[in-house]
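Please read them alongside the coordinates.

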Amino acid sequence: MNPPNGFSPHAVTCITSSTEGRVLQDQRVKKAGGAMRKEAGDNRVLALEDHPDIESFLNDTLRFPPDEIKPNMKIKSVTPKPPRKPRLARASSLDEKSWRRRRVFRTSQENLIDPSETSSSNGSLQESSLSPPTRSRVVLNGDQGSLHNLQDASEPSPYGKNKGSISDSEKQVSEVPSVSVGLMQGKESSGSKPRLSKITPPRPLPPLELSVASHVLRTANRIDSDYMDYQHYSQSRFERLSSSLSDTGLHNSGMVCDSCSTDSMKSTFSLLTPLRAKDVRNRSYLEGSLLASGALLGAEELSRYFPDRSIGIFVATWNMQGRKELPENLDDFLFPSDPDYAQDMYVIGVQEGCPDRREWEIRLQETLGPHYVMLYSAAHGVLYMSVFIRRDLIWFCSEVEYATVTTRIVSQIKTKGALGICFTFFGTSFLFITSHFTSGDGKVYERILDYNKTIQALALPKNVPDTNPYRSSPSDVTTRFDEVFWFGDFNFRLNKDRESVDSILNQHLEKDMSKLLQYDQLIKEMNDGAIFKGFQEAAIHFRPSYKFDIGQDSYDTTSKQRTPSYTDRVIYRSRHKDDIHAVKYSSCSVVKTSDHRPVYGLFRVKVRPGRDNIPLAAGQFDRELYLIGIKRRITRELQKRQEIKDQKSSRVCTVS
């Protein structure tokens, strides 16, 4: 039987078309090895290889009328190859199948397109491995060299019957994937390399800001691990810095310069506000105004350190009874458990201090640690006062001045008297006085005389100018300063016998001490205006601080049977109303080396900006004391670690 069109049944036909010819071919290949290959020359060739039944395949798919065969069409015969033996192969995953299809398509594309073209695609091939392959008809245009996808094979063919039903054997035919062919629709091989479609992002990208250090650029794709809490972290970390930027205009505009934002300034520089060159040139440390941007003690610098314009001060008094031994630990005294944060300034006054004053100051420095330095210390006999301040704040203090007053008839005896220290912090002047008044239950009048002599004879200030001289009085030193703290052993007692006081204390009043305070001599005299005019005291919610047995929590058990009293007090006054706010007022019951318990107060004090026309302390502090205290602190820490290590390494053996 002769096949139609006169083709030999034992030959594989390759149809080569010239620039005018055109071939329409319906591919049916059962194996993935069937491919389109390019012959030598400029002609485009489609070769069918490894088809088991060439005759039936050509009968069904290649039907050319005799008049369509032109003289310029070439017929080449190829020796048929025997079919390949089937072999067992492991099941391929979807990813491997997709990779193989892409490789076949890339090889076919290289054969179809001139390799001299080097244009790159600007997209990426989308994943299509999950969708089953569809049967397509491929048209190779000899004129344009373009590859077209001609709909699904289910549509009716003009040269054969309807191919809508696909058998199981036909599903195994490996063809050029329809997705890959579809990507090449309308692309001419002569113009440029077929470009793949762009992948659209699943969600719109956020707009980028001009600043390269903006939040959007750094977290556009959420690259940072701490993206979620970045705003909360930066807000808590730079709260004070943002407040200080408002005075210089940085916070309102959100810009440090034309090309960087406030956030980039925080990350590029330190927490300190950057200094402009013109500000450094114009800054004056000798004189300035309250609102000057270059003033060292002005509003801008104050807001940078204290946005709320208030400072925390710890004021304490303790009658040490002249004891040589010191408490092993002062942490409970200087760092009470109630407040979460330490204070900015610590002022400790001592009456009947220990013989070694230097040792006492070293112990204070050791306890406060490296964050604090001793701004000043003074003594009047056995009256000691030490002022510690945070080391960042020593630049804003004026020169420190002190003066003393002896209230004894014989001036050489300095067991009773007063010691005052004053200085200006920014634009607020401070005066701290520690006193030891006359002792005795009934000597109220003598104690009032001691007070009057102190306010008249304490010659302060000396060189530091008064911040408000119009409200000062030459007869009262306490009127010459903005904030005054007076603390010490005032020796005022309770006008009640010992038995009555003990019975009240045995009622376990806890914090309600009103039954005892109604007999307090100091409260009575202050209400009458005889002493401490203009001063006030925080509410007392602690037990009397005097007099205890040494090392015990019991009051005097000697033959004298002294009445428990509130002899140790901390009081304060201010030129401006509500400048001083008492946070806590209590005593330290842990320190038991004296017959007095230390009494302390925590205060929030309002600070105002000042001028640069005051003599500055220039950051001076006791450097030698600082080094000794820090070395002791390190040595103590190393000893603790060694003790813990020895305890862990020790072993106890028992014999049963």
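1. Which residues does H436 touch, not counting those up to four places away in sequence? In this predicted model, the residues in contact with H436 are N319, Q351, E352, L383, T407, T415, K416, G417, D489 and N491.

2. H436 belongs to strand β13, which covers residues 428-436. Its relative accessibility is 2%, so H436 counts as buried. One of the residues it touches, D489, also makes a polar contact with H436, side chain to side chain, at 3.3 Å.

3. Aromatic pairs number 32 over the whole structure. In one of them, F306 and F425, the ring centres are 6.2 Å apart and the planes stand at 75°; the pair is therefore edge-to-face. Because F306 sits in the loop between α11 (299-305) and β7 (310-319) while F425 is in strand β12 (residues 417-425), the pair ties together parts 119 residues apart in sequence. Both F306 and F425 are buried.

4. F490 and F532 form a tilted pair, with 5.0 Å from centre to centre and 40° between the planes. F490 is in the loop between β14 (483-489) and α15 (498-505), and F532 in the loop between α17 (521-528) and β15 (568-574); the two are 42 residues apart. F490 and F532 are both buried.

5. One aromatic cluster is made up of F314, W318, F333, F335, Y346, W360, Y372 and Y600.

6. Two arginines lie over ring faces: R573 over F535, at 5.8 Å from the ring centre, and R597 over F548, at 4.0 Å from the ring centre.

Key
Residues are numbered from 1 along each chain as its sequence is written. This is a predicted model: local features need pLDDT of at least 70, side-chain atom pairs count only at pLDDT 80 or more; totals for chains, interfaces and linings use all residues. Side-chain values use heavy atoms; hydrogens and water are left out. Helices (H or I, at least four residues) and strands (E, at least two) are DSSP runs, numbered from the N terminus. Buried means under 20% relative accessible area, exposed over 50%, partly exposed in between (1.4 Å probe, protein chains only). A polar contact is a pair of N or O atoms within 3.5 Å; within protein, one must be able to donate a hydrogen and the other to accept it, and residues adjacent in sequence count only if both atoms are side-chain atoms. Contact means heavy atoms within 4.5 Å. Rings of Phe, Tyr and Trp (its six-membered ring) pair if their centres lie within 6.5 Å; planes under 30 degrees apart count as stacked, over 60 as edge-to-face and the rest as tilted. A charge sits over a ring if NZ of Lys or CZ of Arg is within 6 Å of the ring centre and within 35 degrees of the ring normal.
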